[in-house]
Amino acid sequence: MTQNDQRYMALALSLGRRGQGNCWPNPAVGCVLVRDGRIVGRGWTQPGGRPHAERVALDQAGDAAHGATAYVTLEPCAHHGQTPPCAEGLIAAGIARVVVAVEDTDPRVAGQGFAMLRAAGIVVETGLLSDVASDDLAGFLRRAETGRPWVTLKLATSFDGRIATATGHSQWITGPEARRTVHAMRAGHDAVMVGGGTVRADDPSLTVRDMGVTQQPVRVVISRRLDLPLMSQLARTAHEVPLWLCHGADADIALVEAWEGIGAKLLPCAIHGAQLDMGSVLTMLAEQGLTRVFCEGGGAIAASLLSEDLVDELVGFTAGIAIGAEGLPAIGALGLSTLEGANRLALIEIRAVGADILHRWRRV
């Protein structure tokens with residue numbers, strides 16, 4: 001494949017990222033159509049998951065799609081859902097060549113899109129910029145392969161790893177630039193998740209602000225007993241922005257009915273020890289269609305995710321301030337006696353964000 005192929009696929013990948021956080025349960029795909037060295041169509045998966053990227057690009061190109069090369073970040077779908085298969089659309093438009101970054105591991109596709117295209121005489125080439133595409137589509141692929149969403153755990157801490165003083169005061173440890181970056185990260189995920197303790201302590205809204213988003217992420221709260229304030233910001237906005245509450249079967253039925261009455265979605269999950277089983281929680285969220293979850297703590301839920309090896313990416317914002325041992329730790333007890341029991345992650349990025357340091361880690 002040529003440098004031009006790489007350039008057009010890089011453009012398709014950048015287009016696909018526009019769908020992150022607003023097209024679940026479908027993947028955030030990008031597509032570029034090129035004929036005689038000229039881009040004739042561009043598209044990405046639209047909010048709500050349809051139309052798909054290929055359909056958007058084909059509609060834009062019209063008759064100019066005949067004989068063109070299609071650069072697509074994920075294997076075109078081959079199954080009938082709420083829309084016809086994209087592979088059929090490419091064939092009907094007279095596309096001559098299809099270049100794809102990664103194969104779709106969804107069992108409904110899994111190579112069938114490629115087979116359909118090749119059977120129609122279309123040249124199919126795969127693997128171009130596959131590493132980048134796999135990162136961009138990690139949530140969709142994780143859900144298809146394991147039945148759970150991609151989980152990003154974000155922690156904003158002092159230099160000594162605290163998220164608040166002993167009295168619970170935490171606003172603000174990090175600066176405005178870091179907080180704006182967090183909003184951008186929220187916008188790229190399907191859901192923002194916190195524990196009930198964070199809701200009780202901070203009364204957060206968990207929305208994306210000042211980013212011009214067309215679709216807010218789902219707000220997910222983990223609370224076994226649903227002992228959450230019914231006069232909170234989350235409660236007041238439950239009819240406006242999706243609010244899902246994961247709880248145990250032993251939650252008070254009156255609280256279940258109260259939260260349902262104000263517009264929240266209630267999701268009963270399995271219990272492990274004294275807490276909800278986070279594996280069960282994530283499976284439940286995946287069954288509801290979520291592919292990318294952005295967890296913002298607090299310490300108990302962070303510890304649960306880490307101890308169960310459910311964190312795919314760890315994002316840390318570290319401020320140049322020390323709070324001391326009496327402050328609240330970012331991560332609750334993990335019960336480790338030796339370092340061998342701790343999961344090690346690989347550093348993938350470190351940079352300054354305003355007066356703070358951003359560092360990102362991925363599972364090895």
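**Reading a predicted model, feature by feature**

Guide: Let us begin with a single residue in this predicted model: Arg-186 lies in helix α7, which covers residues 176–187.

Visitor: Is Arg-186 buried or exposed, and why?

Guide: Arg-186 counts as buried because its relative accessibility is 8%, and the cut-off for that label is under 20%. Setting aside residues up to four places away in sequence, Arg-186 touches Val-192, Leu-206, Thr-207, Val-208, Arg-209, Pro-217, Phe-294 and Glu-296.

Visitor: Which residues of the largest nonpolar core touch the most other members?

Guide: That core has 39 residues, and the ones touching the most other members are Met-9, Leu-33, Ile-95 and Val-98. At least two residues of this core come from each of α1 (3–16), β1 (30–35), α2 (53–61), β3 (69–74), α3 (86–92), β4 (97–102), α4 (112–119) and α6 (138–146). Apart from it lies another core, of 29 residues, which includes Leu-276, Val-281, Leu-310 and Leu-314.

Visitor: With which residues is Ile-95 in contact, leaving aside its neighbours within four places in sequence?

Guide: Ile-95 is in contact with Leu-33, Leu-58, Ala-65, Gly-67, Ala-68, Ala-70, Leu-90 and Ile-122.

Visitor: In what order do the nine strands of the open sheet stand?

Guide: The general idea is that strands of a sheet pair through backbone hydrogen bonds, either parallel or antiparallel. Here the order is β11-β10-β9-β8-β14-β6-β15-β18-β17, with mixed pairing. The edge strands, each pairing on one side only, are β11 (265–268) and β17 (345–353), and the twist averages 20° from one strand to the next.

Visitor: Which residues of helix α12 are buried?

Guide: An α-helix has 3.6 residues a turn, so residues three or four places apart point the same way. In α12 (residues 299–307), the buried residues are Gly-299, Ile-301, Ala-302, Ala-303, Ser-304 and Leu-305. What covers them includes β6 (150–157), β8 (191–195), β9 (218–222), α11 (278–287), β14 (292–295) and β16 (328–329). Just after α12, Asp-309 takes a positive phi of about 55°.

Visitor: What is the volume of the second largest pocket, and which residues are the closest to its centre?

Guide: Rolling a probe the size of a water molecule over the atoms shows where empty space is left. The second largest pocket has a volume of about 490 Å³, and of its 27 lining residues, Asn-26, Pro-27, His-52, His-79 and Arg-108 are the closest to the centre. The elements giving two or more residues to this lining are α2 and α6, with the largest share, three residues, coming from α6.

Conventions: Residues are numbered from 1 along each chain as its sequence is written. This is a predicted model: local features need pLDDT of at least 70, side-chain atom pairs count only at pLDDT 80 or more; totals for chains, interfaces and linings use all residues. Side-chain values use heavy atoms; hydrogens and water are left out. Helices (H or I, at least four residues) and strands (E, at least two) are DSSP runs, numbered from the N terminus. Buried means under 20% relative accessible area, exposed over 50%, partly exposed in between (1.4 Å probe, protein chains only). Contact means heavy atoms within 4.5 Å. A nonpolar core is a set of buried Ala, Val, Leu, Ile, Met, Phe, Trp, Tyr and Cys residues joined through side-chain atoms within 4.5 Å. Two strands pair if DSSP finds at least two bridges between them. Axes are lines fitted to C-alpha atoms, for helices over the stretch in contact, and angles run from 0 to 180 degrees between N-to-C directions. On a 1 Å grid over the protein atoms alone, a cavity is a set of points where a 1.4 Å probe fits but cannot get out, and a pocket is an open set with protein on both sides within 12 Å along at least five of seven lines; lining residues have an atom within 4 Å of a point. Grid points are joined across faces, edges and corners, and a volume is the space filled by probe spheres set on the points.
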